[in-house]
Amino acid sequence: MNTPPSPPAAERTDGSSVRIGALVPLSRPGWVEAGQHLLAGLELAVREVNDAGGIVGRPLELVVRDTAADPQRAAAAVDELARLGVAALAGEYHSVVARAAAARADALGLPFLCSSAVLDALTEQPTEWVARLAPAQSHGWRIYADFLLGAGHSRIAVAAEPSVYWASGARILRDYLAPRGGTVIELDMRELAPTAVCDELVDNRATALLLLVGHPEPAVSIVKSVRRDQRLAEIMIGAPAGQPEFAQWATLLGDDSAAIPFLRYLPERLAPLGARVETALRERLGEAPSFVAFEGYDTVAVLADVLRSHGADRVRTAESWPRVAVEGTRGQIQFSRTPGISVWQWAWTPVQVVDRDPAQPDRFRILHTG
């Protein structure tokens with residue numbers, strides 16, 4: 001492994017706590033609700049590690065920085081956390097932000113376990129410093145494409161905003177669906193108002209519309225416009241990126257929030273550890289925990305296991321990714337090298353396509369598993 005020079009502070013410990021830097025979107029334009037769930041999972045796991053004696057007798061401490069969905073802010077936070085002497089980085093939800101953090105962590109020689117971001121190319125070049133729990137976008141979105149084909153959809157419109165993440169998602173869908181008889185029609189949301197989307201759907205004879213746009217806007221306005229248009233009574237709206245996962249979606253859209261399939265990274269049935277953690281997370285959040293909260297918990301579980309075995313040495317932490325074998329809330333976590341993916345990858349967490357039940361929008365229906 002090429003080890004970049006570390007600033008002196010990187011190896012300093014004060015004899016008390018072992019620190020992990022946590023990158024979390026906690027303010028707009030970040031997806032704040034996702035950030036709160038991610039942080040709840042991270043914090044719960046840290047508390048449990050410390051209740052069980054910490055890291056060889058030293059308490060584990062989370063040093064949290066709000067990324068606000070800003071790549072530059074995230075890169076600056078990585079620099080600051082490295083200077084503060086954290087043993088590793090954890091977290092981040094937004095793929096474009098995680099990519100900036102991963103590049104900086106790689107350059108500094110700081111281990112980063114990415115909790116939630118799915119972009120395949122998390123770093124430009126293969127790196128030993130970064131590992132990831134969330135499934136790669138190509139894996140999850142192909143499962144979603146299988147679901148679309150199985151449900152009889154071959155003319156699929158995507159309402160897309162410009163970003164590396166949305167462009168990558170549209171490309172994955174197009175490349176997977178085209179050889180199987182599917183067509184992807186891209187609608188540029190820089191040019192279309194939500195009401196104009198309806199005319200495009202009618203003109204293109206689309207049977208499904210996928211929301212590759214930000215939450216809450218313009219996603220909420222697009223859903224309302226399509227649901228109100230009598231010409232589109234039969235169209236399926238989908239959200240592979242998971243916007244309907246969080247309670248705010250149901251609050252903003254009411255009955256219109258239901259029957260919008262999205263990707264979720266949970267098993268059909270939680271094992272005893274997952275069930276126990278779910279109960280504790282529900283208490284902490286005051287609502288049902290999303291899969292993002294489980295990702296946060298599992299991140300700390302893995303890092304704590306590595307730190308107990310190898311201490312707070314950054315090089316030894318990064319070298320240990322291929323030897324990880326930790327029971328997480330959603331299964332046994334191990335990392336491997338996966339073709340086309342530049343970081344150590346858990347292949348694969350369980351993947352479901354689910355939606356909110358029209359009869360009971362706070363309840364989820366599993367429609368497809370991959």
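## Packing of α1 and α10

Helices α1 (residues 32-51) and α10 (residues 291-310) pack with axes 7 Å apart, at an angle of about 35 degrees. Axes here are lines fitted to C-alpha atoms, for helices over the stretch in contact, and angles run from 0 to 180 degrees between N-to-C directions. Helices (H or I, at least four residues) and strands (E, at least two) are DSSP runs, numbered from the N terminus. The α1/α10 crossing is right-handed; that is, the near helix is turned clockwise from the far one by less than a right angle.

This is a predicted model: local features need pLDDT of at least 70, side-chain atom pairs count only at pLDDT 80 or more, and totals for chains, interfaces and linings use all residues. Residues are numbered from 1 along each chain as its sequence is written, and side-chain values use heavy atoms, with hydrogens and water left out.

## The α1/α10 contact

On the α1 side, the contact (heavy atoms within 4.5 Å) includes Ala34, Leu38, Leu42 and Val49. Their partners in α10 include Val292, Tyr297, Val300 and Arg308. The contact of α1 with α10 has twelve nonpolar, four polar and two charged residues. Ala, Val, Leu, Ile, Met, Phe, Trp, Tyr, Cys and Pro count as nonpolar, Asp, Glu, Lys and Arg as charged, and the others, Gly among them, as polar.

## Helix α9

Helix α9 (residues 272-285) has 14 residues, which should span 20 Å at 1.5 Å a residue; its end C-alpha atoms are 20 Å apart, in agreement. The expected span is 1.5 Å times one less than the number of residues.

Gly274, Val277 and Leu281 are the buried residues of α9 (under 20% relative accessible area; exposed is over 50%, partly exposed in between, with a 1.4 Å probe and protein chains only). They cover an arc of only 65 degrees around the axis, so they sit on the same side of α9. The arc is that of the directions from the helix axis to the C-beta atoms. This buried set packs against α1 and α10. Pro272, Thr279 and Glu283 are exposed on the other side of α9. Gly286 follows α9, with a positive phi near 75 degrees.

## Helix α2

The buried residues of α2 (residues 71-83) are Ala74, Ala75, Ala77, Val78, Leu81 and Ala82. They fall within an arc of 160 degrees seen down the axis, so they line one face of α2. Their cover includes β1 (18-24), β3 (88-91) and α3 (95-108). Gln72 and Arg83 are exposed on the other side of α2.
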